[in-house]
Amino acid sequence: MLRSMSLGVVFMASMLAQAQPPQILEVAREYLKPDAVQAIHQIEVDAAQICIRLNFPHRYLVIESLTGPKEFWYLNAFNSQAELDEIGSEYEANKALTSALATNLKRKAPYLAAESTNVFLNYVPELGGGTPWVMGHGRFLVTAWTKGPAGAGGTVFDGPDGNRLVIRAARTRAEAETLAAAGAGTYVFAVHPELGWPDEEWVRADPQFWRVRHR
């Protein structure tokens, strides 16, 4: 009985930790040529299968811009620098995984309009407003990059170059477009449930949405 209670406490603590915005958010951005979405989508389907088969050490999210320039973003969330370093070491040590993903990545070259970028951002809770965005929650994301005030709504992440990323989640595209209309430089992204590798907590939060990818 004591063991069961202890496990229950650990489980609840884990759930509470997962229900918060990430302390560190990695945003990898790919800038696509016109009409490249279908090809990139298939490459990402293959990448997701590689990650599952070869034990990619972290769950991640793939989103696609529906407004503004056509981009795919790959999001990774970390609770601390120590976690980021540990997962990075595990990834580098898995040579079969890194080799397979590098080979698959080369397939993207003809479809990219510019060199991909990657940045690590820090969560700044005091700058945000409204319901905090939690990794993996929301079928659509409304995003804005700014060097000025973050505004009244959204979850704010600070970048090393002074850029801030503001994220808000939406259940429907109509809701997302309404949120985006309120600010200049704000874009709507769709979360791709069939791509990436979702955390079990994301699946529990919206099982109907994630039913195509729940392993």
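1. Both Arg 139 and Asp 206 are buried. In this predicted model, their side chains meet in a salt bridge with an N to O distance of 2.9 Å. The pair links distant parts of the chain, with Arg 139 in the loop between β4 and β5 and Asp 206 in the segment after α6 (200–205), 67 residues apart.

2. The structure holds 9 salt bridges. Another one joins the side chains of Arg 29 and Glu 71 at 3.1 Å, N to O. Arg 29 lies in strand β1 and Glu 71 in strand β3, so this pair ties together parts that are 42 residues apart in sequence. Arg 29 is buried, as is Glu 71.

3. Glu 30 forms a salt bridge with Lys 108, and the closest N and O atoms are 2.8 Å apart. Because Glu 30 belongs to strand β1 and Lys 108 to the loop between α4 and β4, the pair ties together parts that are 78 residues apart in sequence. Glu 30 counts as buried at 5% relative accessibility, and Lys 108 is buried with a relative accessible area of 4%. A network of salt bridges links Glu 30, Glu 44 and Lys 108.

4. A closed barrel of 8 strands runs in the order β1-β3-β2-β8-β5-β7-β6-β4, with antiparallel pairing. On average, neighbouring strands of this sheet are turned by 35° against each other, direction ignored. Strand β5 (residues 140–146) and strand β7 (residues 164–170) run antiparallel and are joined by 7 bridges. Phe 140 has Ala 170 in β7 as its bridge partner.

5. Two helices lie across strands. Helix α2 lies across β1 (24–31), β2 (61–65) and β3 (71–78), running at about 30° to β3. Helix α3 (residues 81–93) lies across β1, β3 and β4 (117–123), at about 115° to β3.

6. How do the axes of α2 and α4 cross? The axes of α2 (residues 37–53) and α4 come within 10 Å and cross at roughly 175°. With angles over 145 degrees counted as roughly antiparallel, α2 is therefore roughly antiparallel to α4. Ile 43, Asp 46, Ala 47, Ile 50 and Cys 51 in α2 meet Leu 97, Ala 100, Leu 101 and Asn 104 in α4. By class, this contact has 7 nonpolar, 1 polar and 1 charged residues.

7. Leu 105 lies in helix α4 (residues 95–106). Its relative accessible area is 47%, so Leu 105 is partly exposed. The C-alpha atoms of Leu 105 and Ile 40 are separated by 9.9 Å, although these residues are 65 residues apart along the chain.

Key. Residues numbered from 1 in each chain as written. Predicted model: local features only at pLDDT ≥ 70, side-chain atom pairs only at ≥ 80, totals over all residues. Heavy atoms only, no water. Helix = DSSP H or I, 4+ residues; strand = E, 2+ residues; numbered from the N terminus. Buried < 20%, exposed > 50% of the residue type's maximum accessible area, 1.4 Å probe, protein only. Axes fitted to C-alpha atoms, helices over the stretch in contact; angles between N-to-C directions. Parallel < 35°, antiparallel > 145°, perpendicular 65-115°, else oblique. Contact = heavy atoms within 4.5 Å. Nonpolar A, V, L, I, M, F, W, Y, C, P; charged D, E, K, R; others polar. Pairing = 2+ DSSP bridges. Salt bridge = Lys/Arg side-chain N within 4 Å of Asp/Glu carboxyl O.
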